[in-house]
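Work through the exercises below with the sequence and the model side by side. Each task is followed by a solution in steps.

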Amino acid sequence: MTETSNIYRNNKNDPALDEKFMKEAIKQAKKAAELGETPIGCVIVRDNKIYARGYNRRNTDHTTLGHAEITAIKKASKKFGDWRLEDCTLYVTLEPCQMCAGAIVQARIPRVVIGAMSPKSGCAGSLMNILESDKFNHQCEVRRLVLEEECVELMSNFFKNLRRRLRESKG
């Protein structure tokens with residue numbers, strides 16, 4: 001086992017580190033909200049260092065692929081010069097959709113930490129569980145509900161304000 005794997009293995013269940021990095025993902029989600037995007041943020045960590053960040057930009061970039069996780073995976077892959085992110089942990093404020101969960105599995109990310117679940121579109125345990133499915137050649141260890149209250153509040157406030165703005169614009 002490599003030194004990196006030992007570091008990953010020894011720190012993977014540290015609740016304080018999970019909260020620290022989820023706070024960084026929340027900062028990314030707030031950037032999305034500032035653009036009027038659904039506030040979802042993501043960071044990818046290796047050796048207790050953030051190597052990639054991403055936030056929702058679907059409307060801004062006019063692409064279905066503008067999800068926080070996809071952006072962060074692309075950045076991490078470029079930084080490491082490899083599509084395999086085998087010694088990384090992905091932190092995301094909202095449970096990944098089917099596209100993002102599939103990309104996480106394909107990137108061989110071994111661990112995913114989720115802030116809030118998404119009962120209408122989540123594919124890490126809500127609608128289905130792509131991340132932990134034994135039908136694929138790679139499964140992720142998943143930790144859920146880290147700083148859940150902050151993540152849910154961010155989403156709730158965003159949609160509450162969006163509905164208010166829509167009502168006001170109708171006069």
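**Exercise 1.** List the residues in contact with leucine 131, leaving aside its neighbours within four places in sequence.

*Solution.* Take contact as heavy atoms within 4.5 Å. Leaving out neighbours within four places in sequence, leucine 131 touches Ala101, Ile104, Val105, Val112, Cys123, Ala124, Gln139, Cys140 and Val142. The model is predicted, so local features need pLDDT of at least 70 and side-chain atom pairs count only at pLDDT 80 or more, while totals for chains, interfaces and linings use all residues. Residues are numbered from 1 along each chain as its sequence is written, and side-chain values use heavy atoms, with hydrogens and water left out.

Helices (H or I, at least four residues) and strands (E, at least two) are DSSP runs, numbered from the N terminus.

**Exercise 2.** Which residues of helix H5 are buried, and what covers them?

*Solution.* Helix H5 spans residues 98-106, and its residues Cys100, Ala101, Ala103, Ile104 and Val105 are buried. Their cover includes helix H4 (68-80), E3 and strand E4 (111-116). Glutamine 98 also lies in H5. Apart from neighbours within four places in sequence, glutamine 98 is in contact with Ser121, Cys123 and Ile130. The C-alpha atoms of glutamine 98 and serine 121 are separated by 7.7 Å, although the two are 23 residues apart along the chain. Just after H5, arginine 108 takes a positive phi of about 65 degrees.

**Exercise 3.** Trace the strand pairing that involves E1, E2, E3 and E4.

*Solution.* Two strands pair if DSSP finds at least two bridges between them.

- Strand E1 (residues 41-46) has 5 of its 6 residues buried, so E1 is largely enclosed by the rest of the structure.
- E1 and strand E2 (residues 49-55) run antiparallel, joined by 6 bridges. Valine 43 has arginine 53 of E2 as its bridge partner.
- The hairpin of E1 and E2 has 2 residues between the strands, and aspartate 47 there takes a positive phi near 55 degrees.
- E1 and strand E3 (residues 89-94) also run antiparallel, with 4 bridges. Cysteine 42 stands opposite valine 92 in E3.
- E3 and E4 pair in the parallel sense over 5 bridges, with leucine 94 opposite alanine 116 in E4. In E4, 6 of 6 residues are buried.

**Exercise 4.** How many aromatic pairs does the model contain? Describe two of them.

*Solution.* Rings of Phe, Tyr and Trp (its six-membered ring) pair if their centres lie within 6.5 Å; planes under 30 degrees apart count as stacked, over 60 as edge-to-face and the rest as tilted. The count comes to 3 aromatic pairs. One of them is tilted: tyrosine 51 and phenylalanine 80, at 4.8 Å centre to centre with 50 degrees between the planes. Tyrosine 51 is in strand E2 and phenylalanine 80 in helix H4, so the pair links parts of the chain that are 29 residues apart. Phenylalanine 80 is partly exposed, at 21% relative accessibility. In another pair, phenylalanine 158 and phenylalanine 159, the ring centres are 5.0 Å apart and the planes at 85 degrees, so the pair is edge-to-face. Phenylalanine 158 is buried at 9%, whereas phenylalanine 159 is partly exposed at 30%.

A charge sits over a ring if NZ of Lys or CZ of Arg is within 6 Å of the ring centre and within 35 degrees of the ring normal. The charged end of arginine 46 sits over the ring of tyrosine 51, 5.7 Å from its centre, and over the ring of phenylalanine 80, 3.9 Å from its centre.

**Exercise 5.** How many disulfides are found in the whole structure?

*Solution.* A disulfide is a pair of cysteine sulfur atoms within 2.5 Å. The search finds 0 disulfides. For cysteine 123, the nearest cysteine sulfur is that of cysteine 97, 6.8 Å away; cysteine 123 is buried at 3% relative accessibility. For cysteine 140, the closest cysteine sulfur is in cysteine 88, 12 Å away and too far for a bond. Cysteine 140 is buried, with a relative accessible area of 5%.

Definitions and conventions. Buried means under 20% relative accessible area, exposed over 50%, partly exposed in between (1.4 Å probe, protein chains only).
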